[in-house]
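Reader: I would like to learn how to read a structure, one feature at a time. Where do we begin?

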Amino acid sequence: FRNRGKMTILLVEDNEPMRLLTKKLLGDLAETFVECDDGAQALAAYRQCQPDWVLMDIKMNEMDGLAATRQIKAAFPEARIVIVTGYDDARLRAAAKSAGAFAYVHKENMLELRRILQQG
């Protein structure tokens with residue numbers, strides 16, 4: 001990682017309690033969390049903070065996470081985006097992969113998310 005150890009995570013999630021839970025569970029891994037509550041803000045936030053990881057929800061109001069993932073990956077091919085969603089669906093997994101997501105994690109499996117972020 002750029003800053004050796006502690007990382008910057010862009011958290012794109014419309015559910016505030018889920019953002020709080022994610023920060024609590026991953027707080028020891030991240031130095032900084034930058035938060036957006038919609039995919040429409042994600043590209044500008046990525047451009048501004050250049051995070052080590054993006055944790056992206058799928059279902060959001062203005063722009064869903066798959067569209068936001070495609071936007072970020074088009075502008076920043078090196079971006080590492082993990083889809084973190086409550087939907088465990090094979091079609092969504094395939095769509096996330098084709099959008100350029102690094103991984104797809106169900107919200108109930110935060111240990112898997114930790115492992116992905118630690119192993120990079």
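Author: This is a predicted model. Begin with E1, helix H1 and E2, which make a right-handed β-α-β unit.

Reader: How do strands E1 and E2 run, and how many bridges join them?

Author: Strand E1, residues 7-12, and strand E2, residues 30-36, run parallel and are joined by 6 bridges. For one partner, take Val12: its bridge partner in E2 is Cys36.

Reader: Where do side chains point in a strand?

Author: In a regular strand they alternate between the two faces of the sheet.

Reader: Which residues touch the most other members of the largest nonpolar core?

Author: That core has 23 residues, and those touching the most other members are Leu10, Val12, Tyr46, Val54, Met56, Ile72 and Ile83. At least two residues each come from E1, H2 (42-49), E3 (53-56), H3 (65-75), E4 (81-85) and H4 (90-99). Helix H2 gives the most, with 4 residues. Another core, of 18 residues, lies apart from this one and includes Met18 and Val105.

Reader: What does Leu10 touch?

Author: Setting aside residues up to four places away in sequence, Leu10 touches several residues, among them Val34, Cys36, Tyr46 and Trp53.

Reader: Why does Leu25 count as partly exposed?

Author: Leu25 lies in helix H1. Leu25 counts as partly exposed because its relative accessibility is 35%, and buried would mean under 20%, exposed over 50%.

Reader: Which residues is Leu25 in contact with, leaving aside neighbours within four places in sequence?

Author: Leu25 is in contact with Met110 and Arg114, with those neighbours left aside. Leu25 and Arg114 are 89 residues apart in sequence, yet 8.4 Å apart in space, C-alpha to C-alpha.

Key:
Residues are numbered from 1 along each chain as its sequence is written. This is a predicted model: local features need pLDDT of at least 70, side-chain atom pairs count only at pLDDT 80 or more; totals for chains, interfaces and linings use all residues. Side-chain values use heavy atoms; hydrogens and water are left out. Two strands pair if DSSP finds at least two bridges between them. A crossover is right-handed if, with the strands pointing away from the viewer, the path from the first strand over the helix to the second runs clockwise. A nonpolar core is a set of buried Ala, Val, Leu, Ile, Met, Phe, Trp, Tyr and Cys residues joined through side-chain atoms within 4.5 Å. Buried means under 20% relative accessible area, exposed over 50%, partly exposed in between (1.4 Å probe, protein chains only). Contact means heavy atoms within 4.5 Å.
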